[in-house]
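Visitor: I would like to go through this structure with you. Could we begin with how its helices pack?

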Amino acid sequence: MLPSVAKTILPSIPSAKKLYNVVITSDRTMDEFLAEVKRTFEAPLQLSALLDISAKLKAQYKQRLLESDAPCMLPSYNHTLPTGEERGTYLALDVGGSTFRVALVELKGKDLGEKGMEIVKMVSYKIDNSITALKGRLFFDWMAEKIEQTLAEPEVQSHRGSKVLPMGLAWSFPVEQTSPRSGKLKRMGKGFGADHGCVDIDLCELIMDSCRKRNLQVTLDAIVNDGTATLLSRAYRDPATRLALILGTGTNAAIHLPVTALSQEKFGQRPQSWHDEATHVLVNTEMSMFGKGIHKVSKWDDDLNEHHQKKDYQPFEHLISGRYLGEIVRLIVVEAVADAGLFEGRLPDGMDIPYNFYTDLMAQLEADETPSLSKSMYALQKAHPLPASHPYTRTDVVYLRQICQLVSQRAAAYLASGVHALWSLRLDEEGLSPDAEDHVTIGCNGSVIEKYPGFRERAQAYLDELCVRSGGRRGGIVLEIAIESAIYGAAVAVCALEGQDAGVDGKVG
Ligand code: GLC
């Protein structure tokens, strides 16, 4: 971690220089500095360079599909895509990075359009630092307490009657599935302590043990990663869905592949009946873990990685996800202040603290359409005040915004190359030519892809070019938002896996 310093406005450039371990070679003008950032961030984005990244990523994906001990390319137990005819009522659990959501979901069939999947009641519980700090079983006890609170909601009471409620879980962390409803807990990341003493213990048992202590009338019938949940929920509505993408705090992708794409060992111990039925399988790629040595990175990315608790663990995530985009900008700004005299050499309050410049703020700067950029100035002053005697100027904001645009533009392009590589991998494994299908839908979920201004459009534009350059159609890969996909996908997973007796009312299919 960077050394912690008092949150004061730094008096002069030299003292700012001493505080950070960015190597400062020479004093430059602000224009020279920005030109360097621009060169660094735009150079790898030529189409030919992105195609090269995509080809190398595809090779890495293929390799990991064969390696049984790799913590990525994890096959789920779901081997069919939903038909959209599945029906039933389920309790869906979604453990994300910052919220735990519990919802009663009704699946009524895709013929009803938007109403085919309905959230009857959903309660969100914030996962703040005190909750992420809960170690081992204490976290699962907390989950059970929140499930109990949700079950007590009048809408849930009136829908469920006295029947045992089947639950599906969308888990935003890696899990090594051992059956449709069980899986070994793996290292969790995102600052969670729940894996403490519990790595390789069955996730279903951890949750059910805590539920049993409270005598809750529930069973956990399906566990899926949030990427897989997103694929299931989008496919329920759109039969062209073969991939899903999560891009929020973290990133991931899930993909529908022929079982022959994976080595036999990758499937672990599964009943022969599973193998007899499965021609395809939904794979949790853990895409965040790929790309080391493939993406061109800047000295600021290196700095971020060097000070990361889990150095090199999720290199792709460091370049594109919401947890890191703001931090990359912060590291650039620190150098721009010290080296090129941005903000007259004053580091705004709180900008010295790692991870304290939020991607949210970048999004606000990029979204500001006021001619004077007054919204941005207000937001900046609120989050990172400068002294009243030297307030933010329009020029400062334009400068900062250009840095944000360069960082988010690179993220959109790198994301496109990662998705293009998955698309191309699937074509290889299916033995399809690039123009064989009219289009493939990618269900997307997460704050960055859903809300960051222009992000999805920029990624789509890159995807279109990459697709055409590799013999596909323009619009052959379509990024579509899948709203509430973790919650809906958890419900679809129960229904799809449990068959006839999965629904409360037994009405399936
Ligand atoms: C992280 C997790 C992954 C999850 C993703 C999106 O990368 O490792 O399991 O799907 O975040 O939430």
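Guide: In this predicted model, helix α12 (residues 322–340) packs with helix α15 (residues 394–430) at an angle of about 140°, and their axes are 10 Å apart.

Visitor: Which residues make the contact between α12 and α15?

Guide: From α12 they are Leu325, Ile328, Val329, Ile332, Val333 and Ala336. From α15 they are Tyr399, Leu400, Ile403, Cys404, Val407, Arg410 and Ala411.

Visitor: And how do the residues of that contact divide by class?

Guide: The contact of α12 with α15 has 12 nonpolar residues, no polar ones and 1 charged.

Visitor: What about α2 and α12, at what angle do they cross?

Guide: Helix α2 (residues 30–42) and α12 cross at roughly 150°, and their axes come within 10 Å. That makes α2 roughly antiparallel to α12. The crossing of α2 with α12 is right-handed.

Visitor: Which residues are involved there?

Guide: α2 contributes Met30, Phe33, Val37 and Phe41. On the α12 side are Ile328, Ile332, Glu335, Ala336, Asp339 and Ala340. By class, the contact of α2 with α12 comprises 8 nonpolar, no polar and 2 charged residues. Ile328, Ile332 and Ala336 of α12 are listed for the contact with α15 and also for the contact with α2.

Visitor: Changing topic: how is the chain divided into domains?

Guide: Domain 1 covers 26–76 + 239–475, and domain 2 covers 79–224 + 484–495. Their C-alpha centres lie 28 Å apart.

Visitor: How many residues does each domain put into the contact?

Guide: Domain 1 supplies 19 residues and domain 2 supplies 13 residues.

Visitor: What area is buried between domain 1 and domain 2?

Guide: About 1,300 Å² is buried between domain 1 and domain 2, with carbon and sulfur atoms giving 54% of that area. On the domain 1 side, Lys310, Tyr313 and Asn445 lose the most area to domain 2, together 27% of what that side buries.

Visitor: One more helix pair. How do α5 and α7 pack?

Guide: Helix α5 (residues 137–151) and helix α7 (residues 203–213) pack at about 55°, with axes 8 Å apart. That makes α5 oblique to α7, and the crossing of α5 and α7 is right-handed.

Visitor: Which residues meet in α5 and α7?

Guide: Arg137, Phe140, Asp141, Met143, Ala144 and Ile147 in α5 meet Leu203, Leu206, Ile207, Asp209, Ser210, Cys211 and Lys213 in α7. The contact of α5 with α7 consists of 8 nonpolar, 1 polar and 4 charged residues.

Terms used: Residues are numbered from 1 along each chain as its sequence is written. This is a predicted model: local features need pLDDT of at least 70, side-chain atom pairs count only at pLDDT 80 or more; totals for chains, interfaces and linings use all residues. Side-chain values use heavy atoms; hydrogens and water are left out. Axes are lines fitted to C-alpha atoms, for helices over the stretch in contact, and angles run from 0 to 180 degrees between N-to-C directions. Helices (H or I, at least four residues) and strands (E, at least two) are DSSP runs, numbered from the N terminus. Contact means heavy atoms within 4.5 Å. Ala, Val, Leu, Ile, Met, Phe, Trp, Tyr, Cys and Pro count as nonpolar, Asp, Glu, Lys and Arg as charged, and the others, Gly among them, as polar. Domain bounds come from an automatic or database domain assignment. Buried area is the accessible area (1.4 Å probe) that two parts lose on being put together, summed over both. Angles under 35 degrees count as roughly parallel, over 145 as roughly antiparallel, 65 to 115 as roughly perpendicular and the rest as oblique. A crossing is left-handed if the near helix is turned anticlockwise from the far one by less than a right angle, and right-handed if clockwise.
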